[in-house]
Structures are given as structure tokens and as C-alpha cells.
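Please examine the following model before reading the explanation below.

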Amino acid sequence: MFTGIVQGMAKVVSIEKKQDFQTHVIELEHVLGANLSIGASVAHNGCCLTVTNIDGANVSFDLMQATLQLTNLGLLNVGDYVNVERAAKFGDEIGGHSMSGHIALTAKVSEVIDTPNNRTVWFDMPSEAMKYVLPKGYIGLDGCSLTIGEVEENRFSVHLIPEMLQRTLFGSRKVGDSINVEVDPQTQAIVDTVERVLAARLATEV
């Protein structure tokens, strides 16, 4: 489990590509790599990956084809950075919201609006997923637990403070970038349940 509070950014130092599979190595220094062991879970841009090898600060992770296709991790190049969060421990403060590290889909940055003290970012997302996006609800974007701002048809916005821009990739994200999305599981459960109940009721009335 993760909390959506990104702890920092880590550099991709190598990528080994094979057919339908790849291993990438990121540099986890200081607190990000402290007491890390093989088999541990670490979120990369919100996607839960398992540690497969540790060589000092260089930590390896394997990515299956489904992960490469469904997330933005397949777009990474050596020298790029990823948002990183270590798995939560029992008793940790949950400052964001509970997240599984299972990415549902990606969204595209469609507009970036900078003002002196914050940044508003708009995202385009497939219409079938927009039913889970509600104003003032939660959403996970590249591993960051964020509050949804405005919602308009097939797009939505979030508002980012300077601290978020400094600690995560959102300080450098631009129009056209692909962003990993994890919808809030509670919102998804409620929406899906209501849809099933209404469909069953309509079926009995026909």
C-alpha cells in the first residue's frame, strides 16, 4: 500500500530491454534507499514495482509487457527521473489517500497554467474513466495523491503548490506528457455499485 505522498525523484541509470520485458535501474540514495531489501515494493510514478537487485544505490526492477503498455514507464529513457514512494508501513501517517500502486490508465497533459504561487494542470482522459473523476475527489497522478479541481467533459484539472513542483515531476511536466492514473478505489467502488444496481433495476422493469 502507498499513501500518494511522493518522497522524491530518482534517476534512471540503465535500461535493459528484452522481448515483452525490460529491467530498469534507478538510483535510490539516502533515505529513499535506506534499509531496502530484495522483494520490497517501491512505487515508480505511482506504479508498484518489486526490487530484484541492489548494488549500492543502484536498484533494479523488472517490468512486464502489461506494465510497459499500460503506464508511462515504457516511455522512459536513461537519464529520465521517476517519482518514488516506498511502501507504507503500519503506523505511518497517511497524509494523502490509500493507493494500491495499480495503474488504471494514462492521461495526457493538455494545458499548463502558471501563476506566481501555484500551477494548474489540465489532463485529457478517455471518456469511460471520467465517471470516476469528481470535483474535490481524490486521484493518483504519477504517484501523487491529489485533489481534483474542475471537471469538464473529458478533462479535469489539479492545482499544485510550489513544494509539490519542487519534489515531484510536476515541476517539469508539459503539454503532451503521459501521466499514470490511479482512480480513487472508494469512488470507483461506489460508482460501479450504483451502475450495477441501476442496471439490475432497469432490467426488472423491462
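The paragraphs that follow treat the strands, then a threonine in a loop, then the cysteines.

This is a predicted model, in which local features need pLDDT of at least 70, side-chain atom pairs count only at pLDDT 80 or more, and totals for chains, interfaces and linings use all residues. Residues are numbered from 1 along each chain as its sequence is written, and side-chain values use heavy atoms, with hydrogens and water left out.

Six strands form a closed barrel in the order S1-S2-S5-S4-S3-S6, with antiparallel pairing. Strands are DSSP runs (E, at least two residues) and helices likewise (H or I, at least four), numbered from the N terminus; two strands pair if DSSP finds at least two bridges between them. Phenylalanine 21 stands opposite methionine 64 in S5.

The loop between helix H1 (65–70) and strand S6 (81–86) contains threonine 71. This threonine 71 is buried, at 7% relative accessibility (buried means under 20% relative accessible area, exposed over 50%, partly exposed in between, with a 1.4 Å probe and protein chains only). Its side chain reaches the backbone oxygen of threonine 67 at 2.7 Å, and a polar atom of the threonine 71 side chain lies 3.1 Å from the backbone nitrogen of leucine 73.

The structure holds zero disulfides, a disulfide being a pair of cysteine sulfur atoms within 2.5 Å. The closest cysteine sulfur to that of cysteine 47 belongs to cysteine 48, and because the separation is 7.1 Å, it is too far for a bond. Cysteine 47 is buried at 6% relative accessible area, whereas cysteine 48 is partly exposed at 27%.

Notes
Polar contact = N/O pair within 3.5 Å; in protein donor to acceptor, adjacent residues only side chain to side chain.
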